[in-house]
Amino acid sequence: MTQSQFGNATSRLDGLVTGPGEVPAQRNGGGSRSADLHAKLDERAREIVARYPADRSRSALLPLLHLVQSEEGYVSPAGVEFCADVLGLNKAQVGAVATFYTMYKRRPTGDWLVSVCTNTMCNVLGGQQVYDALTEHLGVGHDETTPDGKITLEHAECLAACDYGPVMTVNYDFFDQVDPDAAVAVVNELRAGGRPQPSRGARLCTLKEMSLQLAGFADPREEAVADGLAGDPTLAGLRLAQQHGISVAGYDPNTPIKGSQTGDKPAPATTRPAAATGSTAPDVKSPDDKSPQVRTAETRNPDAKTAVPDAPGTTPPVDGVPAGPADARSAEQAGAAANKPASDAKPAGDGTEAQERSLKSATSEEEAEK
């Protein structure tokens, strides 16, 4: 390896451990900063690790990364070192996890992470225009932060809210059916120190406050869980069910849900027949009520009316006696014998003769069935 190639490889490795956009000075200062993190976060880190079995402490890495982000505002090089020290891992192992999940930011991020969905549904409804308006208004592009350090803007591939599109989130709280003017108004209020009310969910919290919650610590604010209602598209199905008297078959709303106050005993079974639902949908018989031929055909060629294989009373159809281990080994040996390795030691596959045999066999079976 030449000196130039070695330098390029080193740069790529540094990018995995430290993240893009960071300078060597940040890496060199990781030791002292890591000590500061130990002083501030050790108590909470021990609480996080204690949630997991002693031989599964590595599972605590995800909440520990959120804990670091709640202090640093991103997963810093010192934060990577801190997590590695706490869990007995090396920094490459921690960096591999931190670079996999997009919620872990690898460079300093603003208090307000503004994500605009520009995927298919939201884009058709105007998501790209919303993003373009924010880019022009804030003077930043994807994954960039405003000079005052308050807002980081990003494209989002999908925010899982197609029925509310176009959608924008601020620290993953939704602002539904936004247009360019509404989006600009939200970021202006954020920059002025306000906390606009999301369309759904509780009052906004900063990136650091959100990361602390994701690490498993409750939000102490009084209004943290006091706000927010479900949106109309979310409630549409429930309203239709109520309007037409549709409910789950056998559902008893008076059956208590087992919880800490009801003890460990399961709820008593009820023998009361299910109330009429008012649904006009035909009842689907269990597949076991059908002939074996019909069940086999439906299993091989299911359609919208075919009952699911794991429906109550269902026994999956089996063609003949299931093959045992010995039968499987015999079939494997026979297949290997029929397919001699080629000159490059790879299986030769079915040649012309084998294809002709298969065709003759299939023709003979069709004639026999007639």
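**Close-up views of helix packing and nonpolar cores**

**View 1. The crossing of α4 and α10 is left-handed.** A crossing is called left-handed if the near helix is turned anticlockwise from the far one by less than a right angle, and right-handed if clockwise. This is a predicted model, in which local features need pLDDT of at least 70 and side-chain atom pairs count only at pLDDT 80 or more, while totals for chains, interfaces and linings use all residues. Residues are numbered from 1 along each chain as its sequence is written, and side-chain values use heavy atoms, with hydrogens and water left out. Helices are DSSP runs (H or I, at least four residues), numbered from the N terminus.

**View 2. The residues of α4 that meet α10 include His66, Leu67 and Gln69.** Their partners in α10 are Lys208, Ser211, Leu212 and Leu214, where contact means heavy atoms within 4.5 Å. By class, this contact of α4 with α10 has 3 nonpolar, 4 polar and 3 charged residues. Ala, Val, Leu, Ile, Met, Phe, Trp, Tyr, Cys and Pro count as nonpolar, Asp, Glu, Lys and Arg as charged, and the others, Gly among them, as polar.

**View 3. The largest nonpolar core has 24 residues.** Such a core is a set of buried Ala, Val, Leu, Ile, Met, Phe, Trp, Tyr and Cys residues joined through side-chain atoms within 4.5 Å; buried means under 20% relative accessible area (1.4 Å probe, protein chains only). At least two core residues come from each of α3 (30–49), α4 (61–72), α5 (77–87) and α6 (91–98), and α5 gives the most, with 6 residues.

Notes: Buried means under 20% relative accessible area, exposed over 50%, partly exposed in between (1.4 Å probe, protein chains only).
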